[in-house]
Amino acid sequence: MLASKRILLIIGGGIAAYKSLDLIRRLKERGAAVTTVLTRAAEEFVTPLSVSALAGEKCYRDLFDLTDEAEMGHIQLSRSADLVVVAPATADLMGKMTAGLANDLASTLLMATDTPVLCAPAMNVRMWDHPATQRNLAQLQADGVRFVGPNEGDMACGEYGPGRMSEPLEIVAAIEAQMADGPLQGKRILVTSGPTHEPIDPVRYIANRSSGAQGTAVARALAALGADVTFVTGPADVPPPEGVQVVRVKTAQQMSDAVDAALPVDVGVFAAAVADWRVVSASDRKLKKTQDGLPALEFSENPDILKRVSHMDHGRPMLVVGFAAETNDVLEHATAKRQRKGCDWIVANDVSPQTGIMGGTENAVLLISDAGTEEWPRMGKDAVAARLAQKIAEALSN
Ligand code: CTP
């Protein structure tokens with residue numbers, strides 16, 4: 001898929017730069033041409049020689065290199081690529097990109113480019129969590145910059161948490177998704193998925209049996225058709241797909257906030273099994289058994305995300321797709337639910353235990369829309385997702 005594509009790879013100065021050497025190999029294996037730029041700090045971690053040897057091309061380093069300016073000016077360098085990839089994207093580079101600084105070759109190229117940019121952040125967990133970085137992230141996302149990672153795990157600095165750069169193959173998948181020439185190219189699609197967890201106290205929560213499998217498959221299928229997917233997921237059993245923007249949440253309220261942050265989008269697919277209620281005042285201490293009898297939990301209603309988005313006066317997605325998980329009278333309940341929620345389509349299924357659908361690998365759905373009801377045969381969740389993605393692509397092309 002990357003044959004004859006040109007990637008401009010900007011390597012920032014972080015320990016994760018060693019992974020960028022493997023990234024170059026993986027991209028070359030797939031037929032991409034890779035032009036490399038090293039920041040000064042990056043040269044402390046990997047050498048220009050190893051980078052250019054792997055890329056099979058000159059490695060660019062200095063803004064004021066007159067030979068390069070004569071051969072290929074920085075403007076042309078920034079625009080000759082199909083995609084600019086920043087890996088590792090350090091806190092410093094993200095800060096420069098947000099502020100619009102252009103004081104070295106890497107930051108100047110990022111300012112001068114009219115090509116899509118994909119960042120793979122890598123930094124210490126506290127640096128990642130710092131409000132400045134999170135502000136920069138939100139601004140860059142709003143500016144249209146795409147992100148892959150960071151992952152959570154052990155870090156070179158000995159700490160644990162989000163901040164590890166995505167693995168080279170994850171970055172390749174994100175690049176491929178970004179460059180997919182499918183019918184959803186250029187469309188922004190939001191997918192919610194998985195269950196939500198509503199805390200009772202620090203160790204207990206209310207959840208449901210959703211594995212996140214169907215929502216994950218839908219996000220993957222949409223990305224495979226070229227969509228730019230934001231995937232807002234509760235704590236699911238299955239890992240999120242590659243090549244999408246992953247936003248992890250726990251509660252319904254957090255999911256609702258993450259959905260707002262992802263708007264505007266062309267299409268919203270609401271596959272999450274959102275808890276309808278939350279415990280009014282979740283205890284910040286573990287509830288203990290007492291002689292005074294059983295604890296009484298008071299509930300309040302969670303925001304209905306699908307309903308809210310479906311009824312937006314401004315910025316409503318062109319197409320809003322809901323899911324209805326029912327245990328009886330599926331068509332009747334789902335038809336009423338579509339009316340109540342105000343969504344365009346509803347994908348309904350029977351999740352009573354004997355169907356094995358919830359937590360299983362297959363699904364049998366009804367697709368209900370203004371055009372009527374389609375009954376799809378029982379098939380794998382991936383196949384349901386592929387068919388739904390195809391239908392979405394057709395709907396957008398009409
Ligand atoms: N949904 C949502 N926010 C909620 C509840 C549900 O966005 N707070 C979305 C789900 O993602 C799904 C659709 O609404 O797309 C239907 O979810 P479901 O739980 O079946 O609907 P409920 O409104 O909870 O209806 P009921 O409990 O009556 O079955």
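Predicted model: local features only at pLDDT ≥ 70, side-chain atom pairs only at ≥ 80, totals over all residues.

Residues are numbered from 1 along each chain as its sequence is written, and side-chain values use heavy atoms, with hydrogens and water left out.

Now select residues 91-99 for helix 5 and residues 131-142 for helix 8; they pack at an angle of about 50 degrees, with their axes 9 Å apart. Axes here are lines fitted to C-alpha atoms, for helices over the stretch in contact, and angles run from 0 to 180 degrees between N-to-C directions. Helices (H or I, at least four residues) and strands (E, at least two) are DSSP runs, numbered from the N terminus. Helix 5 and helix 8 are therefore oblique to each other (under 35 degrees counts as roughly parallel, over 145 as roughly antiparallel, 65 to 115 as roughly perpendicular and the rest as oblique).

Which residues of helix 5 meet helix 8? Show Ala91, Met94, Gly95, Met97 and Thr98 on helix 5, and Thr133, Asn136, Leu137, Gln139 and Leu140 on helix 8; contact means heavy atoms within 4.5 Å. By class, this contact has five nonpolar, five polar and no charged residues (Ala, Val, Leu, Ile, Met, Phe, Trp, Tyr, Cys and Pro count as nonpolar, Asp, Glu, Lys and Arg as charged, and the others, Gly among them, as polar).

**Stop two: helices 10 and 14**

Next, pick residues 213-224 (helix 10) and residues 381-397 (helix 14), which pack at an angle of about 45 degrees with axes 8 Å apart. That makes helix 10 oblique to helix 14. Their crossing is right-handed. The contact of helix 10 with helix 14 has 11 nonpolar, one polar and three charged residues.

**Stop three: helices 1 and 2**

Jump to residues 17-29 and 48-55: helix 1 and helix 2 pack at about 10 degrees, with their axes 9 Å apart. Helix 1 and helix 2 are therefore roughly parallel to each other. Leu21, Ile24, Arg25 and Lys28 of helix 1 meet Ser50, Val51, Leu54 and Ala55 of helix 2. By class, that gives five nonpolar, one polar and two charged residues.

**Stop four: the ligand**

How many residues surround the ligand? There are 14, and the closest are Phe270, Ala272, Phe323, Lys337 and Lys341; a residue is near a molecule if one of its heavy atoms lies within 4 Å of it. Zoom in on Lys337, where a polar side-chain atom lies 2.6 Å from a ligand oxygen atom. A polar backbone atom of Phe323 is 2.8 Å from an oxygen atom of the ligand, while a ligand nitrogen atom is 2.8 Å from a polar backbone atom of Pro303.

Pro150 lies in the loop between strand 6 (146-147) and strand 7 (151-154). The Leu263 to Pro264 peptide bond is cis too, with omega near 5 degrees, and Pro264 is in the loop between helix 11 (252-262) and strand 14 (267-270). Finish at Ser4, in the segment before strand 1 (6-11); Ser4 has a positive phi of about 65 degrees although it is not a glycine.

Conventions
Left-handed = near helix turned anticlockwise from the far one by under 90°. Polar contact = N/O pair within 3.5 Å; in protein donor to acceptor, adjacent residues only side chain to side chain.
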